[in-house]
Amino acid sequence: MKLKINGLDKSYGEHEVLKKINFTFEDGKIYGLLGRNGAGKTTLFNCLNEDIEMNAGEVILEENGIEKELTSSDIGYVTATPMVPEFLTAREFLSFFLEIHKTKINSLKSIEEYFEIVKISPSDQDKLLKDYSHGMKNKMQILINMIMNPKVILLDEPLTSLDIVVQEEMKKLLKEMKKDHIIIFSTHILELAMDLCDSIVILNKKQLHEIEKKNLNTQKYKDEIIHSLRDENYD
Amino acid sequence: MINTLKMSLKIDLTYQINAFLSLLKRLPILRDLFTDDIWKSKNIKKVARIFVMIYLVLKKIIYRFLYFLVIYVLSFFLTKENLSGTFCYIYFIFTLIGMWIHNQLLDPTLKKYFSILLFQMDAKKYSRSYLLWNLFTSFLFNSLCFFTFSFFLSISPLVIVCLILFSSFARIIGETLNILYYKKYHTFWYHNNFLYFSVLGFLLVLLFLPVIGILPSSSFFFGVMIVFFILSFICLSYLIKMNDFLLLYKTANTKKMAMNMQQQKAYSKQALVEMKTKDQMIHNKKLKGKKGYDLFNTIFMERHKEILFRSAKNYACILGIIYIILIFLIKSNENLSLTIHSFLSSHLGCFVLIMYFINRGAIITQAMFFNCDHAMLAYNFYKEPDVLLGLFKKRLQSICIINLLPAFVIALGNTVLLWLTGSVAIPIYITTFLFILVLSIFFSVHYLVIYYLLQPYNQELDMKKISYSFVLFLTYFFTYFLSNVEMSSFAFSIFGLFFTIIYIIVALILIKTKAKDTFHLN
């Protein structure tokens, strides 16, 4: 499975954010998307998720040699600021969601089993989501996106607000999921990207480019990434 | 589609039940009785479900009856000769106005955001079921109200059926036109002020045709109904074929926009209080000679000119038009002239209520909080008593200026009407004029004071303090009480003036002594 971005352009008025991006993501890998503040990582995700219109270009999903245009139903998008229906309890949210999508979900689990995946304790399951912390809301958001088992998973800074136990669980889950998903993981934490991702993609100067994977944990590799992220306009 | 409708109604109802229980949980005695277990208690939720369902149905019925009552009263005021014909005509124009100002399908709401983007419901099925449900409920409530009002009016059943169907057709056409407009211009037509207010103004002018004796016959309604039937059929087939609902919802119902509409749709949320791009540049001469918190406040006011002045300007324009219409009407209607004169001479108290409603204090304080205070309150220096008082005074001046814009139109309008409808002593003209300005200043002070003393918002602009709502309720109650007081305009004006002066002094003392403890983040 491949996700092909062909000639993607995006501007806000006269401010050009993404320029003629051509890039192919493949399944079996977790891609770490790195870029400086304002580089356009969220804009790229929003374009892929059809939240905003692209000025030009196309995004193609190739599966078993068959190409089709990527639609938001192929995508699970975990945003940096989780949005949940605040006046529902976590259980209500999950049960409504499962009821709506029960025919589309492969190997439907019980509500308790789903809560167990993201380690939401029984005492929290019947709390209103408005009373959840940022991290807990994030867990719910990740869970909902995982249940639908989308082909492409976009994660915008998803792990930073989670406690370390759930962080490790989520990392494990993402690693298990990568073999038949395309996972793109945006983060500012280089160590996290180097630890979790199989490939680092840099968004700099409105373009995407991949940094060849070597020994991911060497200082030399780290320096190479930072060097790629440096911009003469800043420095 | 039926399953989608059932599911969305079920989610909506659960949401309302939880919101209701949450409200109960914040009330003084019930707060102690209800623990967190209520969220999983099926029995409590069953009882709450009954209450909420009754409340929702009653609310819909009462709103619809009030709508019909307004039409009835307006018909009565416009003409006494053909009450039933005028009633039908006003209903017809109101339906056209509703078609223009309400866009239910695309309007960003939290409910749509949740249903389509969070619950990932099929957008096409959702929008169809949403439209169908709205058409069904309005058909039902319109039929009920027409049935009730038919006891007081003599309208033929055929015309009633025509008008009820006309409402449904108009809704379908309005929704489709709105979608087409959004697709072409990527914005709603109500964001195009010129277009929006021109059409609205035209329809409002049409509303007054019965005053000059023009009233369409029954055959006119039949004709229009047939035209609308054909158009709505075309529109409906377009809506059924349309496949890009999801994309439209995604662009029209962004998270931020949905959040803005969460509670007090009219004005309270972020989109309406966020800085507009065109205000980002400030002319240097506006800042010349300013320093410290004066400069700080000027920058804030200049950067938010659009949102702060927008509704004040709109109110001033609408009020100006109303006064001009009244001036024309009193020339030809002796009775109206006498009524207005007597009203302005002895019922000036009613303007307390009017000034309460048109005061922009609430939205201005929200803009202050959202764009400035919620960040600045994180710094301790910002909470020093002298800083708070200094900024309060500067802000008070600015709020007063904004609110004086519509107030000036009312004050001038009242004085001119008083003069045209019969002469009074010069001091009464002066006090009538000043009274409105004083009221405007009073409400400006009031909103700013309760904002500083009760600071009710959290970072998402949700109202977190019930005491704030309570004070607003008391304010409304007090203004309503004053609006019913019969007192000479002169006495009322003098009373208002002294009351406002005392209120300002007390407010300044309270801000100086209390605001350091009360003005903080929730």
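This is a predicted model: local features need pLDDT of at least 70, side-chain atom pairs count only at pLDDT 80 or more; totals for chains, interfaces and linings use all residues.
**Exercise 1.** Describe the open sheet of six strands in chain A, and state which strands form its edges.

*Solution.* Begin with the order of the strands, which is β6-β7-β8-β3-β9-β10 in chain A, with mixed pairing. Next, look for strands that pair on one side only: these are β6 (75-78) and β10 (207-211) of chain A, the edge strands. Finally, look at one pair in detail: strand β9 (residues 199-204) of chain A and β10(A) run antiparallel and are joined by five bridges, and A:Val201 stands opposite A:Glu210 in β10(A).

**Exercise 2.** Determine how many of the eight residues of α1(A) are buried, and what follows the helix.

*Solution.* Seven of the eight residues of α1(A) are buried, and the helix is mostly covered. The buried residues are A:Lys41, A:Thr43, A:Leu44, A:Phe45, A:Asn46, A:Cys47 and A:Leu48. After the helix comes A:Glu50, whose phi is positive, near 60°.

**Exercise 3.** Give the strand order of the open sheet of four strands in chain A, with its edges.

*Solution.* The order is β2-β1-β4-β5 in chain A, and the pairing is antiparallel. The edge strands are β2 (15-26) and β5 (66-69) of chain A. Between strand β1 (residues 2-12) and strand β4 (residues 56-63) of chain A there are six bridges, and A:Asn6 has A:Glu58 in β4(A) as its bridge partner.

**Exercise 4.** Classify the packing of helices α18 and α20 of chain B by angle, and describe their contact.

*Solution.* Helix α18 (residues 361-376) and helix α20 (residues 426-454) of chain B pack at an angle of about 40°, with their axes 9 Å apart. The two helices, α18(B) and α20(B), are therefore oblique to each other, and their crossing is right-handed. On the α18(B) side the contact involves B:Gly361, B:Ala362 and B:Thr365, which meet residues of α20(B) including B:Phe443, B:His446 and B:Tyr451. The residues of this contact divide into five nonpolar, four polar and no charged.

Terms used
Residues are numbered from 1 along each chain as its sequence is written. Chains are lettered from A and ligands numbered from 1 in the order in which they are written. Axes are lines fitted to C-alpha atoms, for helices over the stretch in contact, and angles run from 0 to 180 degrees between N-to-C directions. Angles under 35 degrees count as roughly parallel, over 145 as roughly antiparallel, 65 to 115 as roughly perpendicular and the rest as oblique. A crossing is left-handed if the near helix is turned anticlockwise from the far one by less than a right angle, and right-handed if clockwise. Two residues are in contact if their C-beta atoms, placed from the backbone, lie within 7 Å. Ala, Val, Leu, Ile, Met, Phe, Trp, Tyr, Cys and Pro count as nonpolar, Asp, Glu, Lys and Arg as charged, and the others, Gly among them, as polar. Two strands pair if DSSP finds at least two bridges between them. A residue is buried if 20 or more other C-beta atoms lie within 10 Å of its own, exposed if 12 or fewer, and partly exposed in between; C-beta atoms are placed from the backbone.
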